Amino acid sequence: MRSSSVLIVAFSMGLSVGCDTPSAAEIPEGPASAAPAPIDAIDTLGVALPSSLTCVSDPLGDTTDVLRVQIAATADGGSVTLQRGPQFWSHGGVWTEPRATDVRDVQVTDGRIVQADGMGLDIALTLDGDVLRGTLVDDQCYQRVETSLTCWNDLELFGSPWAGVPGALDATFDWSTGTCVDGDGNPALNDVPIEVVRETGQGACADLRGEALNGADYSGPDLSGWNLVGARLDGARLFFAQLDYASLNGAKLADLEFGYATITGSIDANTELPDACETQTSPWSGSSASCVQ
């Protein structure tokens, strides 16, 4: 992980002025956002904010709902899109229908993103390694929401071999050895926040030791298709949930704590599994594991 520098960026905008605004469950669907463009004007401390950010909040109140926030810039301003929904979209194979989104046009002014017609929503972010963390406060006359945010730019964080972008994460999985290494071939792991892994399913070479994979959602969420090749999961927890169709080549799961849960996925000779697992090998699909406890 790279050393952290500090970037403070504030977003201030209103859901609308007055008490006639709809509740979160009644937010109308907004128009599609314009294509992102660079917003180098947001450079208050010498580090420009990415032109687009994906953000997810901590669970809201005593629910397992989260707030998802998309921040994008356009040539003449930008937009912020808000959507409240479950932390995991599928439970027991049943998908939840996405809720309506709320899209606001914003202006870029003096290093800030501001909605011109009011106040109410305030987001402050600090650069923390390869992601941005901060707080979101939505103070309305009828309700107040205050929560933490984790934000990232997909291309900058994960890179793209097709676009020739390496990404910020140093460790990659060496399929020939079944281990994670940095650019110099030394053993390495990525410090990927669990919030990012839950949203993207991308946890290759991630250090997830001690993390609660399904958070506090014990209603049978489906953690499907996660890429956990080379990941460290010592002391990680999975209870009342399914981790299915995962890529577990080289993953270290021997000390994973799990119960009332299932784990299935591809494995190799370097995968370390809990005792409650069965393995099988197919000439077409290779080796796989199934764990039930």
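**Figure 1. Cys180 and Cys205 form a left-handed disulfide in this predicted model.** The torsion about their S-S bond is about -90 degrees, so the link is left-handed. The two sulfur atoms lie 2.1 Å apart. The bond joins distant parts of the chain, 25 residues apart: Cys180 belongs to strand 13 (residues 179-181), while Cys205 sits in the loop between helix 2 (194-200) and strand 14 (222-224). Both Cys180 and Cys205 are buried.

**Figure 2. Cys277 and Cys291 are joined by a right-handed disulfide.** Here the torsion about the S-S bond is about 105 degrees, so the handedness is right. The sulfur atoms of Cys277 and Cys291 are 2.0 Å apart. Look for Cys277 in strand 19 (residues 277-282) and Cys291 in strand 20 (residues 286-292), 14 residues apart. Are these cysteines buried or exposed? Cys277 has a relative accessible area of 16%, under the 20% cut-off, so Cys277 is buried. Cys291 is buried as well, at 1% relative accessibility.

**Figure 3. A disulfide ties Cys55 to Cys151.** Their sulfur atoms are 2.1 Å apart, and with 110 degrees about the S-S bond this link is right-handed.

**Figure 4. Residues 1-18 and 20-47 have pLDDT under 50.** For residues 1-18 the model has 78 contacts beyond four places in sequence, and for residues 20-47 it has 59. Where pLDDT is low, the predicted coordinates should not be read in detail. For the protein overall, the mean pLDDT is 81, and 76% of residues reach 70 or more.

Definitions and conventions. Residues are numbered from 1 along each chain as its sequence is written. This is a predicted model: local features need pLDDT of at least 70, side-chain atom pairs count only at pLDDT 80 or more; totals for chains, interfaces and linings use all residues. Side-chain values use heavy atoms; hydrogens and water are left out. pLDDT is the predictor's confidence in each residue, from 0 to 100. Contact means heavy atoms within 4.5 Å. A disulfide is a pair of cysteine sulfur atoms within 2.5 Å. Helices (H or I, at least four residues) and strands (E, at least two) are DSSP runs, numbered from the N terminus. Buried means under 20% relative accessible area, exposed over 50%, partly exposed in between (1.4 Å probe, protein chains only).
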